[in-house]
Amino acid sequence: MDHHDHAAHGHVTDDPVREEHATHQHAAVATWRMAASATLHCLTGCAIGEVLGMVVGTALGWTAGPTVVLSVALAFVFGYALTMRGVLRAGVGFRQALKVALAADTVSIAVMELIDNAIMVGVPGAMDAGLSSGLFWAALALSLLVAFVLTVPVNRWLISRGKGHAVVHRFH
């Protein structure tokens with residue numbers, strides 16, 4: 001297997017031109033399954049942060065604004081952390097792993113957070129329902145489900161252009 005074959009199979013090369021070419025070759029075959037997998041990965045980090053933020057904000061009696069800000073911030077933190085964990089395991093340094101996580105997840109997390117927080121705020125009474133309320137948990141589950149469904153096409157588009165989670169695949 002020559003140097004170019006390694007790049008085409010997801011191995012990092014020392015030649016950025018070949019690596020970029022290999023990324024575009026690999027990215028052209030973006031499937032719905034790949035996009036769903038990338039979105040599920042993103043949803044995991046988002047959901048951890050989102051649920052934690054909503055729980056903390058609601059438990060402290062915060063209004064919707066600060067609760068949403070906390071939820072979004074934690075969604076980004078946990079989303080990036082999950083991606084970085086895998087990249088760091090591949091032997092990449094912290095700074096490079098952070099760059100990969102930012103490139104891989106920023107758009108996906110932003111879209112997901114915009115959708116799920118809009119739903120949470122838009123469902124009458126959901127933000128004020130309290131943690132023991134079925135309304136709160138049903139709205140949160142619905143918001144994450146809708147965010148997943150609407151973010152899958154975004155991730156497919158990103159992957160097809162060598163962006164988003166396509167950046168992470170070089171480190172698997």
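This text walks through the helices of a predicted protein model, then its loops and its surface.

Because the model is predicted, local features need pLDDT of at least 70 and side-chain atom pairs count only at pLDDT 80 or more, while totals for chains, interfaces and linings use all residues. Residues are numbered from 1 along each chain as its sequence is written, and side-chain values use heavy atoms, with hydrogens and water left out.

Start with the overall layout. The protein chain has 6 helices and 0 strands. Helices (H or I, at least four residues) and strands (E, at least two) are DSSP runs, numbered from the N terminus. Read from that end, the elements run α-α-α-α-α-α. The chain has 172 residues, and 41% of them count as buried. Buried means under 20% relative accessible area, exposed means over 50%, and partly exposed is in between (1.4 Å probe, protein chains only).

Now take helix H3, residues 32-59. Its 28 residues should span 40 Å at 1.5 Å a residue, and its end C-alpha atoms are 38 Å apart, which agrees. The expected span of a helix is 1.5 Å times one less than its number of residues. After H3 comes Gly 61, with a positive phi near 75°. Gly 61 sits in the loop between H3 and helix H4 (64-89). Gly 61 is exposed because its relative accessible area is 60%. Gly 61 and Gly 130 are 69 residues apart in sequence, but their C-alpha atoms are 8.6 Å apart in space.

Next is helix H6, residues 134-160. H6 has 27 residues and reaches 39 Å from first C-alpha to last, close to the 39 Å expected at 1.5 Å a residue. At the N-terminal end, Ser 133 caps H6. A side-chain oxygen of Ser 133 lies 3.0 Å from the backbone nitrogen of Leu 135. Such a polar contact is a pair of N or O atoms within 3.5 Å; within protein, one must be able to donate a hydrogen and the other to accept it, and residues adjacent in sequence count only if both atoms are side-chain atoms.

Further along, H6 has a kink of about 30° at Thr 151, shortly before the proline Pro 153. The bend at a residue is the angle between axes fitted to the seven residues ending there and the seven starting there. Thr 151 is also one of the buried residues of H6, among them Phe 136, Leu 140, Leu 144 and Ile 159. An α-helix has 3.6 residues a turn, so residues three or four places apart point the same way.

Leu 142 is also in H6. Leu 142 counts as partly exposed because its relative accessibility is 42%. Leu 142 and Asp 116 are 26 residues apart in sequence and 8.2 Å apart in space, C-alpha to C-alpha.

H6 is followed by Gly 162, whose phi is positive, near 75°. Val 168 lies in the segment after H6. Val 168 counts as buried because its relative accessibility is 6%. Val 168 and Asp 105 are 63 residues apart in sequence and 9.4 Å apart in space, C-alpha to C-alpha.

Finish at helix H5, residues 94-122. Leu 98 is found in H5. Leu 98 counts as partly exposed because its relative accessibility is 32%.
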